[in-house]
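Have the model open while you read.

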Amino acid sequence: MKKLPLLSVVLGLIFCQTAAAAQIHLGQAADYNAFIQNNFQVSSSDTQGRIAVGGNFIVKPHQYSHDKTNAGYSIGDMVHAPGTPSLVVGGNIELQASGSGGLQIHNTGIDHGTAVYAGQLINGQKIGSGTASRVSKSELPVDFDAAFKHLNALSDQLAAMTAAATPTPGDYASLTFRPAVPSADKVYIFELTQEMLDSSYGINIEGVESDALVVFNVTNTTGYAMKNYSNNGFCKAGDAACAVLKLETVKFNGVNTAGDTSKDRNAAPLAKQVLFNFNGLSNVKLASNVFGTVLAPKAAIHAPSAPVWGQVIASSWVGNAQINVGPLTPRDGSTPSVSAPPALGLVVLALLALAGLRRKRILPVIATAQPL
């Protein structure tokens with residue numbers, strides 16, 4: 001009779017590992033093309049999907065522009081979600097230019113979209129398309145504090161699960177990432193350092209399933225200042241909290257994730273299966289086209305001009321890079337799980353504990369986690 005409770009503990013240890021498997025899910029951010037905790041500042045360009053900003057949404061002339069009166073931005077021209085706001089702002093909507101441009105808010109094609117904000121509407125320019133309504137913070141459809149608590153935890157989790165794989169040099173200064181072993185959940189997590197990015201033109205992801213999800217933990221633990229022109233003084237030597245993403249190509253089993261972006265605004269379908277995780281970094285520069293989702297919940301992102309084919313999650317955003325629709329999803333449309341450490345070590349531990357009880361003592365055992 002005394003063994004039954006302990007057997008229950010053993011089974012609990014086994015099955016709790018399955019329950020503890022955490023899904024790679026962006027939570028409240030999943031429905032937004034750009035999801036920013038603090039301020040979002042632009043002077044031109046557009047975001048094809050929806051935007052949520054916890055701070056102020058600011059449209060102002062570029063500091064280096066000769067014409068200080070013009071600035072404009074377009075949101076949601078590829079949103080097809082009737083009745084939902086294309087722009088959610090926890091602070092002010094600030095249209096700081098006085099000339100042409102302004103803010104265009106779309107939804108369901110040519111139909112005018114809506115914005116909701118909890119601060120003030122500061123109107124140097126009129127909203128050219130769509131409407132904006134003031135609401136209380138409690139009426140906003142996003143809880144930014146809860147959302148970023150989840151997103152930071154997800155970023156931390158992914159950063160701790162880098163797989164055992166060594167990239168190898170390829171043709172045309174590219175790096176090939178191939179997993180050491182297959183992943184049961186079709187999720188692969190690799191480290192991408194600043195040194196790698198400085199020495200490579202692009203990356204190849206090989207030996208993964210066509211519907212796999214690939215995560216790159218972008219790191220700069222050595223405080224490396226890229227010598228490439230893309231850095232241009234952005235990251236200083238010794239600053240381990242700063243990173244520059246520069247990748248001209250990302251290939252998925254030999255297929256370019258870009259697709260034919262010159263002909264199809266919905267191109268780059270494979271980019272939906274790539275996630276760049278900037279864990280713990282405070283400053284990030286997107287210095288080239290980004291084919292994948294950017295998860296940088298603590299970072300101020302600077303994105304001068306090159307488009308992003310995916311979602312952007314950040315502490316703040318400054319720049320005129322176009323953000324194209326590309327929600328994070330594996331090829332088959334499901335939401336994969338990131339496996340928790342295997343239960344085998346816990347099974348062994350529990351069985352040894354059972355054996356130890358029979359011998360009136362407990363044997364010391366260390367259970368080790370295996371990489372994905």
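Strands here are DSSP runs of E with at least two residues, numbered from the N terminus. Keep in mind that this is a predicted model. With that numbering, Ser 45 sits in the loop that links β3 (40-42) to β4 (46-47).

**Two positive phi angles**

Ser 45 isn't a glycine, yet its phi is positive, near 85°. Asn 232 belongs to the loop between β19 (213-219) and β20 (242-245).

| Residue | Phi | Relative accessible area |
|---|---|---|
| Ser 45 | near 85° | 25% |

Ser 45, at 25%, is partly exposed.

Now for β7, which covers residues 71-75: five of its five residues are buried. On one side you'll find Ala 71, Tyr 73 and Ile 75, on the other Gly 72 and Ser 74, and both faces are covered.

Which strands pair with β7? One is β4, running parallel to β7 over two bridges. In that pairing, Asp 46 stands opposite Ser 74 of β7. Another is β10 (residues 101-105), also parallel, with five bridges to β7. There, Gly 72 stands opposite Gly 102 of β10.

Methods:
Residues are numbered from 1 along each chain as its sequence is written. This is a predicted model: local features need pLDDT of at least 70, side-chain atom pairs count only at pLDDT 80 or more; totals for chains, interfaces and linings use all residues. Side-chain values use heavy atoms; hydrogens and water are left out. Helices (H or I, at least four residues) and strands (E, at least two) are DSSP runs, numbered from the N terminus. Buried means under 20% relative accessible area, exposed over 50%, partly exposed in between (1.4 Å probe, protein chains only). Two strands pair if DSSP finds at least two bridges between them.
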